[in-house]
Amino acid sequence: MSRQLILSRRTLIRTGVVGTGGLLLSGCDKLFENPAFRSALESGEDLHKASQRALGRNALAREFSAGDMSPVFRANGSREGAGEEYRRHLAQGFANWSLKVDGLVERPLAIPLTALRQLPQRKQITRHDCVEGWSAIGQWQGPRLAQVLDLARLKPEAQYIVFHCADLYRGRPYYESIDLVDAFHPQTILAWQMNGRPLEQQHGAPLRLRVEKQLGYKHAKFVTRIEARASLDGLYGGRGGYWEDQGAYAWYAGI
Ligand SMILES: Nc1nc2c(c(=O)[nH]1)N[C@H]1C(S)=C(S)[C@@H](COP(=O)(O)O)O[C@H]1N2
Ligand SMILES: [Mo]
């Protein structure tokens, strides 16, 4: 595998991703006012003009207010991560955990959780809709996936973003994938916080995807590795996700 760049807070400051003050920006409006952020975003979007033509998919999912939040947000699917390594990180409060970003990127990364927390943040209160027929409203916070992908610099051949998870559901690795329209959508974030607190294990600690325009099963929990690919062929069952490979649900689950 090619060399990985370990992103320290100092690297992030040097590369201008993180300023020395005002790290926590709330909401995307402020992010959009930031010229560095805008240009990073636009260069990402230029790569993918063709996919961006699917205009309707860029609309925002509805956001709610604090008073709408569900008193109970049930957990579904895996409630814990699997394996020795996951348990060790859990015991350490994920202090030494990092997210891998690889595949069709110019700069493979290992980004410590501490660095992900220091990137500009987006906070959103949204409704989670599970295909099994229940919904819950919760608040999610984390950096935009777009920002992480721009740090790793997608190669032009990249078409899909795959999320590899640390759990086994009924003995098999859970994984999911989305296209670049959803990957660069403003509300697509890597959430490490839920309802104002670090993610609980049952909700996918330390990091899970929020892809608000799609159903619950696309929101990969326990994300440990993000892989950029040109195609989904040859990856597990080839249909781009755990439930998709079972023939249970569609790859695109727009709501
Ligand atoms: N890694 C992983 N991600 C997953 C699942 C899972 O079993 N494993 N279940 C999915 C389903 S079907 C739903 S509805 C949501 C549930 O998220 P929650 O447990 O935070 O409610 O996670 C999704 N992401
Ligand atoms: Mo679900």
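Ligand 1 takes up the space of the second largest pocket. The model is predicted.

**The shell**

Around ligand 1 there are 22 residues. R74, N76, D167, H203 and K221 come nearest. By class, 10 residues of the shell are nonpolar, eight are polar and four are charged. Which strand gives the most to this shell? Strand β6 does, with three residues. β6 spans residues 160-169. Strand β4, residues 122-130, also supplies at least two residues.

| Residue | Protein atom | Ligand 1 atom | Distance |
|---|---|---|---|
| H203 | polar side-chain atom | oxygen | 2.7 Å |
| S78 | polar backbone atom | oxygen | 2.9 Å |
| H219 | backbone N or O atom | nitrogen | 2.9 Å |

How much of ligand 1 does the protein bury? Taken alone, ligand 1 exposes 530 Å². The protein buries 99% of that area.

**Salt bridges**

Side chains of opposite charge can pair when their charged atoms come close. The count here is 11 salt bridges. One of them joins the side chains of R225 and D102, at 2.9 Å from N to O. Where do these two residues sit in the chain? R225 belongs to strand β12, residues 223-229. D102 belongs to strand β2, residues 98-103. The pair is 123 residues apart, and it links distant parts of the chain.

How values were computed:
Residues are numbered from 1 along each chain as its sequence is written. Chains are lettered from A and ligands numbered from 1 in the order in which they are written. This is a predicted model: local features need pLDDT of at least 70, side-chain atom pairs count only at pLDDT 80 or more; totals for chains, interfaces and linings use all residues. Side-chain values use heavy atoms; hydrogens and water are left out. A residue is near a molecule or strand if one of its heavy atoms lies within 4 Å of it. A polar contact is a pair of N or O atoms within 3.5 Å; within protein, one must be able to donate a hydrogen and the other to accept it, and residues adjacent in sequence count only if both atoms are side-chain atoms. Accessible areas come from the Shrake-Rupley method with a 1.4 Å probe; for residues, only the protein chains shown count as cover. On a 1 Å grid over the protein atoms alone, a cavity is a set of points where a 1.4 Å probe fits but cannot get out, and a pocket is an open set with protein on both sides within 12 Å along at least five of seven lines; lining residues have an atom within 4 Å of a point. A molecule sits in a cavity or pocket if more than half of its atoms lie within 2 Å of its grid points. Helices (H or I, at least four residues) and strands (E, at least two) are DSSP runs, numbered from the N terminus. Ala, Val, Leu, Ile, Met, Phe, Trp, Tyr, Cys and Pro count as nonpolar, Asp, Glu, Lys and Arg as charged, and the others, Gly among them, as polar. A salt bridge is a side-chain nitrogen of Lys or Arg within 4 Å of a carboxyl oxygen of Asp or Glu.
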